[in-house]
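Student: I have not looked at this structure before. Could we go through it by question and answer?

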Amino acid sequence: MKLKSLLKMVSASALLSVSAYASSTTTTTTNDNGDTVVTVITKEGNVTTTVVTTTDAIGNQTISTKTVTDEEIVEISRGFLTLPDYVSRNTTPDVSWDVVEDVTLNQLIDTSVKEIKVKQAINVKVTVLGTGVTRTSTTTTGSGKKKKTVTTLSSVPTTGKMQVGNQAWATVHTGNEDYVVLNKITYETTAEPGDSFKFQAWYEGGTVRTHNDDEVLTLVNGDSIPTNKASHEAVASAEDFLKPYLNVDNTLKLGSLDFVYVAELTHNTSQKNDSGYDLQDLIILVSVSPVYSR
Ligand SMILES: [Ca+2]
């Protein structure tokens, strides 16, 4: 079998039929000859049928029908083609292929536990979505009626680290919000079954929070996000940082193999009513993908 037709088979296996629904529109016009032209376009699933009926002055009809089928590729499957290194003239090479089933996050890692466990060999990529620890300081000048108080808001650097299995701790973020580059991969590694993910973060001068603490949340696709306002109106909230990843109902719309760590670094769970408990001190996105090997 030719490589091209094999590739065709692989892509054909990725086609998913679209559930059937029908909608139809009808338009009526008059052409240059004075004939009445009725066009009915019906869309049923991925099939669009256009029927044009032309009726002249004495009632003669011409009907034309055109059908177009859209191939909707909903999901691309991954696969392997195994080809020989050399092929002798006039021989038929042995070619085999396999489609790898698409996987879910839960098949790769267990996010139901605080220390996330790795189930299959995976690639790990980390990006930072935001950090927003601030400090306010006030200075007073003058006295009496000339007394003036100025409040200054400054951002405070944070640090986030991750450890995968027995590998060294890696710094996935350090600095204030000026050091966050969206979509930049700040750490990349692989993990083996049995490894676990450890996470820790702190703000400059603060205590270390880890994945085991209640102030560090692990959120996956479909989870509700924190709706806490930021401690100061000039600072982005958790919702602001997660805005590119939200459904209309404010649940997370992550990639199916992503999760986020949301860390509250300045306050603890007994201070949930304090404006500083804003769950936007450091937000990290972790994307995993299976390592395919044969
Ligand atoms: Ca905070």
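Student: Which residue of β11 does Thr139 stand opposite?

Tutor: This is a predicted model, and the pairing is read from its coordinates. Strand β10, residues 134-141, pairs with β11 in the antiparallel sense over eight bridges. Across this pairing, the residue of β11 opposite Thr139 is Val150.

Student: Which residue in the turn between β10 and β11 has a positive phi?

Tutor: The two strands β10 and β11 form a hairpin, and six residues lie between them. The turn residue with a positive phi, about 70°, is Gly142.

Student: How many helices and how many strands does the protein chain have?

Tutor: The chain has 294 residues, of which 21% count as buried. Among contacts with a separation of 6 or more, 59% join residues 24 or more positions apart. The secondary structure comes to three helices and 19 strands.

Student: Over which residues does pLDDT stay under 50?

Tutor: The average pLDDT of the protein chain is 87, and 88% of the residues score at least 70. Where pLDDT is low, the predicted coordinates should not be read in detail. One stretch, with 23 contacts beyond four places in sequence in the model, stays under 50: residues 1-20.

Student: Which strands stand at the edges of the sheet of five strands?

Tutor: This open sheet has the order β14-β9-β19-β18-β17, with antiparallel pairing. Each edge strand has a single partner strand, so one side of each is left without a neighbour in the sheet. The edge strands are β14 (185-191) and β17.

Student: What is the average twist from one strand to the next in the sheet with the order β14-β9-β19-β18-β17?

Tutor: The sheet in question is the open one of five strands with antiparallel pairing. From one strand to the next, the twist averages 25°.

Student: Which residue of β14 stands opposite Asn123?

Tutor: β9 and β14 run antiparallel and are joined by six bridges. Opposite Asn123, the residue in β14 is Thr190.

Student: Which element gives the most residues to the largest nonpolar core?

Tutor: That core has 41 residues, and those touching the most other members are Leu129, Val260, Tyr261, Val262, Ile283, Ile284 and Val286. At least two residues each come from β9 (122-131), β12, β15, β17 (216-220), α3 (238-242), β18 and β19. The element that gives the most, with six residues, is β19.

Student: Which residues is Ile283 in contact with, leaving aside its neighbours within four places in sequence?

Tutor: Ile283 is one of the core residues that touch the most other members. Leu129, Val260 and Val262 are also named in that group. Its contacts are Leu129, Gly130, Ala238, Phe241, Leu242, Val260 and Val262.

Student: Is Ile225 buried or exposed?

Tutor: Ile225 is found in the loop between β17 and α3. Leaving aside neighbours within four places in sequence, Ile225 is in contact with Leu219, Ala238, Glu239, Leu242, Leu246, Asn250 and Leu252. The C-alpha atoms of Ile225 and Leu252 are 6.7 Å apart, although 27 residues separate the two along the chain. Because 23 C-beta neighbours lie inside 10 Å, Ile225 counts as buried.

Student: Why is Leu279 classed as buried?

Tutor: Leu279 lies in the loop between β18 (258-263) and β19 (282-290). Its phi is near 50°, a positive value in a residue other than glycine. Leu279 is buried because the number of other C-beta atoms within 10 Å is 25.

Student: Is Asn90 buried or exposed?

Tutor: Asn90 is found in the loop between β5 (78-82) and β6 (96-100). Asn90 is not a glycine, yet has a positive phi of about 65°. Because 5 other C-beta atoms lie within 10 Å, Asn90 is exposed.

Student: Which residues does Pro157 touch, not counting residues up to four places away in sequence?

Tutor: Pro157 is in the loop between β11 (148-155) and β12 (158-164). It is partly exposed, with 17 other C-beta atoms within 10 Å. The residues it touches are Thr174, Gly175, Asn176 and Glu204.

Notes:
Residues numbered from 1 in each chain as written. Predicted model: local features only at pLDDT ≥ 70, side-chain atom pairs only at ≥ 80, totals over all residues. Helix = DSSP H or I, 4+ residues; strand = E, 2+ residues; numbered from the N terminus. Buried ≥ 20, exposed ≤ 12 C-beta atoms within 10 Å, placed from the backbone. Contact = placed C-beta atoms within 7 Å. Core = buried A, V, L, I, M, F, W, Y, C linked by C-beta atoms within 7 Å. Pairing = 2+ DSSP bridges. Axes fitted to C-alpha atoms, helices over the stretch in contact; angles between N-to-C directions. pLDDT = per-residue confidence, 0-100.
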